[in-house]
Amino acid sequence: MNQHTLSTTTRLLHWLVGLTMLSLIMVGFYMVNLEAWALYPIHKALGVLALLLILPRAIYRVKRGLPKPVAEMSVTMQKLSHGAHWLLLLGTLLMPISGMLYSGFGGYGIDIFGLILVHENIVNDEVVAINELIFVIAKNAHSLIGYALSALIVAHIGAAIKHHAIDKDETLRRMLGKA
Ligand code: HEM
Ligand code: HEM
């Protein structure tokens, strides 16, 4: 493996986590705006399961650091790109964690297709929060981080396209395993 090649683990985890995040963000906004209640349990279950990919990837990154850029870049651009990549990674952790705190402490419960992780808290036929403060903070965090992360992902994809189409360097091809 030369210095520029990315390992299969890096590429596989990038695309698996990336596609999972994009799908869950789209489903999240869709179900909230169209009140598609049937999608809630699916979104929640897949969101929890996503941690099985997200956690090993975050640990791998913290241990190994980010890959070195393939293209020549100014120090400022390098810092910006590193900052953005760490924020993307942080976003992949904060979304499922805030979602779980939101549903768990809100009393809505969490299950993975029938396997109950946290029971619903129903009193007199109504869902009652287990901890109102954590519920409200986590609910707002899930929404706000969702918006901020979406904007960052748009910029991230824009940067990948710019590297490929304008700078004509190997950045995108390397993540696709072609360089
Ligand atoms: C990678 C993981 C996840 C991503 C990217 C994600 C993304 C989103 C997004 C973008 C929304 C729409 C927010 C809004 O319009 O205010 C949303 C809503 C929601 N998410 Fe997630 N989510 C994830 C994991 C989870 C998990 C693990 C749970 C719970 C166990 C969860 C529970 C919810 C609920 C209940 C809503 C509806 C919020 C409402 O009605 O106001 N999410 N999610
Ligand atoms: C179509 C969508 C996407 C494209 C085309 C894309 C493209 C790329 C490329 C080309 C790199 C390599 C950058 C370099 O060499 O410095 C990269 C790295 C990275 N991307 Fe994406 N990406 C996409 C989606 C996402 C999403 C949704 C996330 C997370 C929410 C994400 C998180 C990251 C992170 C953390 C890195 C740093 C390297 C790593 O940890 O694997 N990407 N991306």
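This is a predicted model: local features need pLDDT of at least 70, side-chain atom pairs count only at pLDDT 80 or more; totals for chains, interfaces and linings use all residues.
- The axes of H1 and H2 lie 10 Å apart, and the two helices pack at an angle of about 155°.
- An angle over 145° counts as roughly antiparallel, and H1 and H2 are therefore roughly antiparallel to each other.
- On the H1 side, the residues that meet H2 are Thr9, Leu13, Leu16, Val17, Thr20, Leu24, Val27, Gly28 and Met31, while their partners in H2 include Leu39, His43, Gly47, Ile54 and Tyr60.
- Sorted by class, this contact of H1 with H2 is made up of 13 nonpolar, 5 polar and 1 charged residues.

**The pair H3 and H4**

- Helix H3 covers residues 75-105 and helix H4 covers residues 132-165, and they pack with their axes 8 Å apart, at an angle of about 150°.
- The cut-off of 145° applies here too, so H3 and H4 are roughly antiparallel to each other.
- Among the H3 residues that take part in the contact are Ala84, Gly91, Ser98, Tyr102 and Phe105, and they face a set of H4 residues that includes Ile134, Ala138, His142, Gly146 and His156.
- By class, the contact of H3 with H4 holds 15 nonpolar, 6 polar and 1 charged residues.

- Ala138 and Met77, by contrast, are 33 Å apart in space from C-alpha to C-alpha, with a separation of 61 residues in sequence.

**Around the ligands**

- Ligand 1 is surrounded by 22 residues, of which Gly28, Gly47, Gly99, Ser143 and Gly146 are the closest.
- Two or more residues of the shell around ligand 1 come from each of helix H1 (8-33), helix H2 (39-64), H3 and H4.
- By class, the shell around ligand 1 consists of 13 nonpolar, 8 polar and 1 charged residues.
- Ligand 2 has 24 residues around it, and those that come nearest are His14, Gly18, His85, Ala160 and Met175.
- At least two residues of the shell around ligand 2 are supplied by each of H1, H3, H4 and helix H5 (171-175), and H3 gives the most, with 6 residues.
- By class, the shell around ligand 2 consists of 13 nonpolar, 9 polar and 2 charged residues.

**Two loop residues with positive phi**

- Phe113 sits in the loop between strand S1 (110-112) and strand S2 (115-118), and its phi is positive, at about 45°, although Phe113 is not a glycine.
- Phe113 counts as exposed, because it has 9 C-beta neighbours inside 10 Å.
- Asp125, in the loop between strand S3 (122-123) and strand S4 (126-127), is likewise not a glycine and has a positive phi of about 65°.
- Asp125 has 5 other C-beta atoms within 10 Å, and this residue is therefore exposed.

Conventions:
Residues are numbered from 1 along each chain as its sequence is written. Chains are lettered from A and ligands numbered from 1 in the order in which they are written. Axes are lines fitted to C-alpha atoms, for helices over the stretch in contact, and angles run from 0 to 180 degrees between N-to-C directions. Helices (H or I, at least four residues) and strands (E, at least two) are DSSP runs, numbered from the N terminus. Angles under 35 degrees count as roughly parallel, over 145 as roughly antiparallel, 65 to 115 as roughly perpendicular and the rest as oblique. Two residues are in contact if their C-beta atoms, placed from the backbone, lie within 7 Å. Ala, Val, Leu, Ile, Met, Phe, Trp, Tyr, Cys and Pro count as nonpolar, Asp, Glu, Lys and Arg as charged, and the others, Gly among them, as polar. A residue is near a molecule or strand if its C-beta atom, placed from the backbone, lies within 6 Å of it. A residue is buried if 20 or more other C-beta atoms lie within 10 Å of its own, exposed if 12 or fewer, and partly exposed in between; C-beta atoms are placed from the backbone.
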